[in-house]
Amino acid sequence: MNETISKIKEHRSIRNFLDKDVSEEFIDEIIKSSQSMPNSINGQQTSVIVIRDKAKKEKLAKLVGNQDYVAKAPVFLVFVMDFYKTYLAGEKTGFKQVIHEDIEGTLVGAVDCGIELGAAVIAAESLGLGTVAIGGIRKNPNEVIELLNLPKYTFPIVGLAIGYPVDNSHKKPRMPFDSFKHNELYDAEKVKKAIDIYDEEMEKYLKKIGRYEKEVNWSTFTSKIYNSVYYPNVKESINKQGFKN
């Protein structure tokens, strides 16, 4: 297989970074890669905020759930759903924007941010950098919005810590491929069988890296988290930003 595909398939999250700066040239190339990705109707309803300031990174590290590697990473990116720019286009043309009031608008913005996040990860890793995505950017959204001076019709969707890896970390196994790829129709029975297989594989992996007691397996870990709405402040905050859903 080619080098790009091999690099993607070797992805792993990096949480330990060297005390080494990442050049602005590299960051610009990463973000240009994100900007080049497809987006709905060419609305380009996303933006990326680059955080290098040490005090701001330390503040964000606390806001995202005391994840210290956000503060220690040389660069932290925040991918923002940005319907403010399309709102301005409507102000210019006289066509009032309403898409942000519907769930479709939120889905569009979140999907576009996700596509761009993936491109940023691949671009960064191609340059010898390591990354870890931070969904915790939504844990305390009001504070993040204030810290980043985000206007109405915007919302922080996901963060990305970037830096040079201290080590390569462990590659986490994925579910059986035949339960991820479905031909023509969704195969529910195949998924049920795959979960049992994957739980066994994850138990072995977690024992190997010393996290079995905390996570046990995929089903236990995931269901415990999804037993509650773990970022309950999102709904009120995103409504406040104009996304009525």
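Helices (H or I, at least four residues) and strands (E, at least two) are DSSP runs, numbered from the N terminus.

**Entry 1: ground rules**

I am working with a predicted model, where local features need pLDDT of at least 70 and side-chain atom pairs count only at pLDDT 80 or more, while totals for chains, interfaces and linings use all residues. Residues are numbered from 1 along each chain as its sequence is written, and side-chain values use heavy atoms, with hydrogens and water left out.

**Entry 2: the annotated span**

I looked up residues 188-215, which the unreviewed UniProt entry annotates as "coiled-coil region". UniProt positions are given in the numbering used here, feature names are shortened, and annotations may be inferred rather than shown by experiment. In the model this span is 93% helix and 0% strand, and its end C-alpha atoms lie 25 Å apart.

Next I checked for charge pairs here, taking a salt bridge as a side-chain nitrogen of Lys or Arg within 4 Å of a carboxyl oxygen of Asp or Glu. E189 pairs with K192, the closest N and O atoms being 3.5 Å apart. Both sit in helix α9 (residues 188-209), three residues apart, about one turn of the helix.

E189 is partly exposed at 46%, and K192 is exposed at 53%.

E215 and R211 form another salt bridge, with 2.7 Å between the closest N and O atoms. E215 is buried, at 5% relative accessibility, while R211 is partly exposed at 31%.

**Entry 3: R52 and its partners**

How many salt bridges does the whole structure hold? My search found five. One of them joins the side chains of R52 and E24, at 3.1 Å from N to O. R52 is in the loop between β1 and α3 and E24 in helix α2 (residues 24-35), so this pair ties together parts that are 28 residues apart in sequence. R52 is partly exposed at 27% relative accessibility; E24 is also partly exposed, at 44%. I also noted that D21, E24 and R52 are linked in a network of salt bridges.

**Entry 4: helix α3, inside and out**

Which residues of helix α3 (residues 54-63) are buried? I get K57, L60, A61 and L63. They are on the same side of α3 because they cover an arc of only 165° around the axis, the arc being that of the directions from the helix axis to the C-beta atoms. The face turned away from that buried side carries the exposed residues K54, A55 and K62.

At the ends of the helix, I found D53 capping the N-terminal end of α3, with a side-chain oxygen 3.3 Å from the backbone nitrogen of A55. Just after α3, G65 takes a positive phi of about 110°. N66 has a positive phi too, near 55°, and is a residue other than glycine. N66 lies in the loop between α3 and α4, and is exposed at 58% relative accessible area.

**Entry 5: K85**

K85 belongs to helix α5 (residues 84-93) and is partly exposed at 33% relative accessibility. Leaving out residues up to four places away in sequence, K85 touches G43, Q44, T46 and S47.

I also looked for a polar contact (a pair of N or O atoms within 3.5 Å; within protein, one must be able to donate a hydrogen and the other to accept it, and residues adjacent in sequence count only if both atoms are side-chain atoms). A polar atom of the K85 side chain lies 3.1 Å from the backbone oxygen of Q44.

**Entry 6: helix α6**

Helix α6 (residues 103-126) has 24 residues and reaches 35 Å from its first C-alpha to its last, close to the 34 Å expected at 1.5 Å a residue. That expected span is 1.5 Å times one less than the number of residues. D102 caps the N-terminal end of α6, with a side-chain oxygen 2.9 Å from the backbone nitrogen of E104. G128 follows α6 and has a positive phi near 85°.

Note on methods. Buried < 20%, exposed > 50% of the residue type's maximum accessible area, 1.4 Å probe, protein only. Contact = heavy atoms within 4.5 Å.
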